[in-house]
Amino acid sequence: MPLGRELPQLLKQRLLFKGRKFNFEVNRLRLPNKAEGEWECIRHPGGALAVPVTPEGKLILVRQYRFAVQGRILEFPAGTVEPGEEPQETIRREIEEETGYRANKWEKLGEFFIAPGYSDEIIYAFLAQDLEKLDTPPEQEEDEDIETVFFTPEELEEAILDGQAIDAKSISSFMLARPFLV
């Protein structure tokens, strides 16, 4: 079981919503400490994220409109792992779609839960290096409203500390990548 999982006893399962990217369910469970109750959970197939680094040492992020927060936030390129797909396949596709770059060198940084209080989503983080600009990038999905932006590691760290709108998966992945950034 990944990341130290210890399964509760399922007493009753109800699926409340089956969505395009995730499911929402309420389960009656008996936890390992024997407590019983109903808990809500978002079931997500996981996401893959790249920390792209140009040959000049710049980080490529995207400023993307997110309807849930009703605004634009800075993020590293990322995407949902599709059925039957490995996380590295996901991020190879997503980095090209979202940034117009291809990475020729990949290193796994790690994996982590994004919001374990209500979701089982795991982020698989990768360092993407030896980047090349694509002559013809793939088309973005219809709902994507993305601008590519470049930061030095110091500029990104300053943006994080200044409280700019940057999502948690990007901040966490930046911290995992920091030892590799010169």
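How many residues lie between β1 and β2 in the hairpin that they form? Four residues separate the two strands of this hairpin. The model is predicted, so that local features need pLDDT of at least 70 and side-chain atom pairs count only at pLDDT 80 or more, whereas totals for chains, interfaces and linings use all residues. Residues are numbered from 1 along each chain as its sequence is written, and side-chain values use heavy atoms, with hydrogens and water left out.

Strands are DSSP runs (E, at least two residues) and helices likewise (H or I, at least four), numbered from the N terminus; two strands pair if DSSP finds at least two bridges between them. Strand β1 (residues 9-18) pairs with β2 (residues 23-30) in the antiparallel sense over eight bridges, and F17 stands opposite F24 in β2. Strand β2 is also antiparallel to β3 (residues 36-43), to which eight bridges join it; W39 in β3 is the bridge partner of N27.

Buried denotes under 20% relative accessible area, exposed over 50%, and partly exposed the range in between (1.4 Å probe, protein chains only). F17, by contrast, is partly exposed, with a relative accessible area of 46%.
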